[in-house]
Amino acid sequence: MLTGRNILLGISGGIAAYKTPHLVRLLKKKGAQVQVLATASALKFVSELSLSTVSEASVFNDIFESNHDDRSDRTLHITLGEWADAMLVAPATANTIARLSAGFCDDMLSLSFITLRPGKPVLLVPAMDGNMYESASVQRNLSVLARQGCHILEPESGPLASGQCGLGRMPEPETIADALEKVLAVRSESALNGKTVLVTAGPTREKIDDVRFLSNYSSGKMGFAIANEAARRGAVVRLVTGPVTLPTPPGVERFDVESADEMLETSRQFFDDCDLFIGAAAVADYRPLAPVSGKVKKNEAEMHLRLIRNPDILATFSAGRRAGQIAVGFALETNGGLDYARKKLQDKKLDLVAFNIYDRRTSGFEIDTNVLTLLNRDGQITELPLLSKQEAAGRLLDTVETLLFR
Ligand code: PMT
């Protein structure tokens, strides 16, 4: 997996930096080209000469340094970001993690992190004293980076430089190289790698007045699981979601909306760009014709609401799509109605529809599991077993990938 790959190896200043010449050796032995970017403090723990000898290239540290000669380029920070297939930061100290999460770019490591091409994987290997690692600031900064899509290899437990024993040790170079290979493997094997995916998720809210709305029980879990899995496979993912309480999956660009109209307008901005559209949202089919401003008072024994049809987001996309764009929908029913799903597939001219039943126990809204039946445009039916929504998202995307390949 590393053969012929260009790896940027960022090294920051912790005692574990002494293991990095061995790490460079290992990556090179596996066939990678390694460009070392060391912080000034890293070079207090490990010598520049060792690193440049094992990597067979200059070690870059200062943006303005003159040792950039072997690439003879005044915009080296940009070319490195384009050159790299992946970036590895090991050890990633608390300071470097904070600087990367805040967007600093005043040395070659942080600058190249920012200029890395979108979609290229980053693996961070935090290593520090246990109390530092578990501190609120380090955990907050790591979660910011994880939300940006960085992969994080957890530190190991064992003797630390402080003399204490605990969590914080950098894993051995072999473990780090394996983790990097895994990150690259998932992406390179996926037809979604580098593709652009648009997902809708969650419910919509249709205003009755300023304090009430019509909606449904969708939690967003299914759509978020799909967005998460697509990003893990290397896709550029945009997620347009109704009101839900879920965290944004790593590496996913999220847009929060309320009504079906807003969901359509926000999604429309990304229709042209996407290779794959997946409508997992439970979009309200109707909305109140005339939402009232303020709060409707209760006067009469009965109240009548006039509703009008909402636009169909999936059908709008499907009708206007260009050749090669893939449209996938969901069909939710309350009883066995595969025929309804088949009708949706045909009416909305979809490539695939995922049929699920709302049974309140194993599938449909809110719960963490789902039972999907996939129907494709050629009439093929795939019945998936009871799976977690995350696993179901994986199986759905596996099937979608076979469509992309064709
Ligand atoms: O969010 P969770 O709690 O995890 O629950 C997941 C889910 C049950 C919401 C999900 O698995 C699901 O089935 N989503 C679609 C639910 C639905 O509204 O189905 P539908 O049969 O009404 O719509 C068919 C398809 O058209 C769907 O892809 C829907 O997103 C799309 N649609 C429908 C109406 C509309 N106005 N615009 C649309 O895009």
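Student: Which residues have the most contacts inside the largest nonpolar core?

Tutor: They are Ile 226, Val 237, Leu 276, Phe 330 and Leu 396, in a core of 36 residues. This is a predicted model, where local features need pLDDT of at least 70, side-chain atom pairs count only at pLDDT 80 or more, and totals for chains, interfaces and linings use all residues. Residues are numbered from 1 along each chain as its sequence is written, and side-chain values use heavy atoms, leaving out hydrogens and water.

Student: What makes a set of residues a nonpolar core?

Tutor: The set holds buried Ala, Val, Leu, Ile, Met, Phe, Trp, Tyr and Cys residues joined through side-chain atoms within 4.5 Å. Another core, of 32 residues, lies apart from the largest one and includes Ala 16, Val 46, Leu 88 and Val 125.

Student: Why do strands E2 and E5 stand at the edges of their sheet?

Tutor: Strands are DSSP runs (E, at least two residues), as are helices (H or I, at least four), numbered from the N terminus. Two strands pair if DSSP finds at least two bridges between them. The open sheet has 5 strands with parallel pairing, in the order E2-E1-E3-E4-E5. Strand E2 (33-38) and strand E5 (151-152) each have a single partner strand, so one side of each is left without a neighbour in the sheet.

Student: How do you know that E1 and E3 pair?

Tutor: Strand E1 (residues 6-11) and strand E3 (residues 86-92) share 4 bridges in the parallel sense, and the rule asks for at least two. Within this pairing, Gly 10 has Val 89 of E3 as its bridge partner.

Student: Which strands stand at the edges of the sheet of 8 strands?

Tutor: That open sheet has mixed pairing and the order E12-E11-E8-E13-E16-E17-E19-E20. Strand E12 (252-256) and strand E20 (381-383) are the edge strands, as each pairs on one side only.

Technical notes: Buried means under 20% relative accessible area, exposed over 50%, partly exposed in between (1.4 Å probe, protein chains only).
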